[in-house]
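Please open the model in your viewer and keep the selection tool at hand.

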Amino acid sequence: MAVHKKKPVTFRPFKAPRYAFDNLRICRRCGRYTALREEHCTGCGKSSLVPVEQHAVSIAGRKIHTRLLLTLFLTLASVYFGTSLQQMVLCGAGGLVLMGLLYYTQRKTRKNENLRSLDQLLGHNIGILKQGLEFNRQEAVSVLRENDVLAYEKLRELSVLLRGDRIARQRVALLHGFLLRKDMELELEQLLLKDFEPLLAEYIGEVAKVRRDLIKDRTLRYVKTYEVQILQMDKGSAILAGVAGAAVRMKRYALLYSGFIGRYVQDLPKDRVLRLSRMIAANPHEPWNGLDQTVAEIVSTKYRWDPDFQVDA
């Protein structure tokens, strides 16, 4: 069987936005939404893309100006139709006071106006928004054959807004062909699926080698749920042992998943067994669910004369 050779790649820097809509833009001409870094709108071809928040602020500003102009118009109309000079002066003065109060009130509530405008912009156009994101996804997939790295980067940007197993599977499939390194901006919990996926299991195993810190609760639960299926895979035991070794880095994980770790502790490298042994020695009264005995037996048979373990004796 031919071995699939993974290729080394470099991803563009990516920082997840504070809010999901931060990277979302809208075309002022045709109203199409996009979450990709495009110079021109793919709908109309115009360079009229602006952030949705900026567009919402602009809409709110126009509404405020409209209210002020309407008040000014009514003031001028009341002055024009006044039957006496005194009535005209009173109408004019009252209108100016009203405009001043309106301006002051709108200035105080401008942030709320902006948020309301943004909520309406996204909520009322949810169908158009979904169409734009789906068009983005298809565009990302279309460049896969020519540039799989670019395709992954586009899908990574879209995943901030476009969630679900479909885009996660596509990202996992692309990551399967890349050689993972410790210095790469990798993700894991964002890629977890509802069902078992062999490529995802392999990816989790690779991540466990280079970025143990990414192995967290959701990943541990996923691996434990599909433990039987992973065991049936080629090198499935190695994947499970790698995940168990990553779980050893935190006492909370070691306690919560002590049963899972115990099933693969015999396959852990020396540094993981040493860490686990010291953790148990420092917390002898915790409910280790038999993991402490298993580790003690391994240390006794495999590392009895190892000086690193003599400290724990």
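Begin by selecting the cysteines: how many disulfides does the rule give? A disulfide is a pair of cysteine sulfur atoms within 2.5 Å, and by this rule the count comes to 0. Select Cys27 to see why: its sulfur lies 3.5 Å from the closest cysteine sulfur, in Cys44, which is too far for a bond. Cys44 is likewise in no disulfide, the sulfur of Cys27 being the nearest to its own at 3.5 Å.

The model is predicted: local features need pLDDT of at least 70 and side-chain atom pairs count only at pLDDT 80 or more, whereas totals for chains, interfaces and linings use all residues. Residues are numbered from 1 along each chain as its sequence is written, and side-chain values use heavy atoms, with hydrogens and water left out.

Are these two cysteines buried or exposed? Buried means under 20% relative accessible area, exposed means over 50%, and partly exposed lies in between (1.4 Å probe, protein chains only). Cys27 counts as buried because its relative accessibility is 2%, while Cys44, at 30%, counts as partly exposed.

Next, select residues 25-27, which form strand 2. Helices (H or I, at least four residues) and strands (E, at least two) are DSSP runs, numbered from the N terminus. Two strands pair if DSSP finds at least two bridges between them; strand 2 and strand 4 pair in the antiparallel sense over 3 bridges. Within this pairing, Cys27 stands opposite Leu49 in strand 4. Strands of a sheet pair through backbone hydrogen bonds, either parallel or antiparallel.

Proceed to residues 64-81, which an unreviewed UniProt entry lists as "transmembrane region". UniProt positions are given in the numbering used here, feature names are shortened, and annotations may be inferred rather than shown by experiment. In the model, this span is 94% helix and 0% strand, and its end C-alpha atoms lie 26 Å apart.

Select Thr75, which is found in helix 1 (residues 52-80). Thr75 counts as buried, at 8% relative accessibility. Which residues does Thr75 contact, leaving aside its neighbours within four places in sequence? They are Cys91, Gly92, Gly95 and Leu96, where contact means heavy atoms within 4.5 Å.

Helix 8 (residues 217-225) is the next selection, with Asp217, Thr219, Leu220, Tyr222 and Val223 buried. Their cover includes helix 7 (198-210), helix 9 (227-231), helix 10 (236-247), helix 11 (251-256) and helix 12 (258-264).

Finally, display the whole protein, whose secondary structure comes to 15 helices and 5 strands. Along the principal axes, its C-alpha atoms fill a box of roughly 110 × 50 × 30 Å. Of the 313 residues, 42% are buried.
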